[in-house]
Amino acid sequence: MSGRYRVGAALVGAAVLTAAGLVAANWATADEGRRHAAEGPRVEPTKQVGKPSNKSSLTAEALQTELGSRAVGSYYDSTGELVVAVSDAATAELVRAAGAVPKLVRFTAAELNSVQSELNRLAVKSRPGKVRSWYVDPITGTVVVSVPKGAHDVFTERFVERAKEHGDLVTVKTVYGKVVPTADDFSLRGGFQVDKNTGYVCSLGFNARSSKGTRVFLTAGHCTSGKPSFSRNGYILGNTVATSFPGNDYGSVDVIEGWDQQGSVEGWGAPSVAVHGTASPTVGSELCKSGKSTGWTCGRIVANNVTVNYGNNRVVRGLFQHTACVESGDSGGANMTGNYAQGITSGAALIDGKCLDKSNRTNESYSQPIAAALQGTQTTLVLGS
């Protein structure tokens, strides 16, 4: 964010991390108004290596359409020549007459497509294990099955053995690394930024499930007050289901299909932290919090069952106080002790919008205990491993 709108209470010496839209004196809210969309890295056009010198992709598409099932597929070789894989001499002559290079392969398109379809059905019926991909390859004239190096679990081996039953129709290829969905764009972890349709920003606390199996995430109640809808990176997340503020400070938001709810909390430069369960806040315990503005910060719990006056008749009871840094935009973020969920960020005392430790004082931050949030929303946490 290139700019921030601060919200808080008209109480000298204090401000809540809320979305109420009031100008704060010295307390700060943990959600943040948005002036501009977050700026990401500039995307440059991808350079095409080995660009065809005399045949366009349109030519390839037109020729493939003309040949239909007589062609296994087409590709450009390293010199830029359009090559079409075919399985008979007559079709090869048609390719040559069209100005492309024919390549005779052993199997027909129908045979290869049949093998791929069978593997598709097998994957749905019997799990493909760690097998990465399978496709009809015009270069080898076979169905290529990609298997990560060292993958020897029972599901992977069973799938590969079934594929090998097709003999020379299949080529098993060893691959490396781990494939993940679209740059993790649709993953949801604790601490991630979530955007309200009212123009303010909060942080995600924990992924959870309702008693009826509904997918939700937990965040601060002052973020869900008024029952707004939420989005992330410009994509819809869902609508507020439950909200409680003041009195308490928790709320839940449903999560539409397509988002990958993970049982972990963002580590902001360090590995994400798996959620193994819940813990009760104990004075003296170490606590770390994850939020979109200040990332991963740590401190200790210094008080329990604290009643906090955020001004304008917004009094919240039952919070715990800790010394981790919290600033505007962190509202709703995850609070952890080790691998155990402690609570959801509520508010903090700030000087000029910054944590107190930046003015050589001890941070004063407040969080909603997770137990009350789970009970109030009738949800259970999504756990990680």
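Trainee: What makes the pairing of the side chains of Arg189 and Glu266 a polar contact?

Mentor: The side chains of Arg189 and Glu266 are joined at 2.7 Å. A polar contact is a pair of N or O atoms within 3.5 Å; within protein, one must be able to donate a hydrogen and the other to accept it, and residues adjacent in sequence count only if both atoms are side-chain atoms. The value of 2.7 Å is within 3.5 Å, so the term applies. The model is predicted: local features need pLDDT of at least 70, side-chain atom pairs count only at pLDDT 80 or more, and totals for chains, interfaces and linings use all residues. Residues are numbered from 1 along each chain as its sequence is written, and side-chain values use heavy atoms, with hydrogens and water left out.

Trainee: Why is Arg189 called buried?

Mentor: Buried means under 20% relative accessible area, exposed over 50%, and partly exposed in between (1.4 Å probe, protein chains only). Arg189 has a relative accessible area of 11%, which is under 20%, and therefore counts as buried. Arg189 lies in strand β10, residues 187-190; strands (E, at least two residues) and helices (H or I, at least four) are DSSP runs, numbered from the N terminus.

Trainee: Why is the pair of Trp134 and Phe159 called tilted?

Mentor: A search of the whole structure finds four aromatic pairs. For Trp134 and Phe159, the ring centres are 4.9 Å apart and the planes stand at 45°. Rings of Phe, Tyr and Trp (its six-membered ring) pair if their centres lie within 6.5 Å; planes under 30 degrees apart count as stacked, over 60 as edge-to-face and the rest as tilted. The distance therefore qualifies the rings as a pair, and the angle makes the pair tilted. This pair links distant parts of the chain, with Trp134 in strand β7 (residues 133-137) and Phe159 in helix α4 (residues 154-164), 25 residues apart. Both Trp134 and Phe159 are buried.

Trainee: What makes the charged end of Arg127 count as sitting over the ring of Phe155?

Mentor: The charged end of Arg127 is 3.9 Å from the centre of that ring. The term requires NZ of Lys or CZ of Arg within 6 Å of the ring centre and within 35 degrees of the ring normal.

Trainee: Which residues does Thr323 contact beyond its neighbours within four places in sequence?

Mentor: Thr323 is in contact (heavy atoms within 4.5 Å) with Cys298, Gly299, Arg300, Val302, Thr362 and Asn363. A polar atom of the Thr323 side chain lies 2.8 Å from the backbone nitrogen of Arg300.
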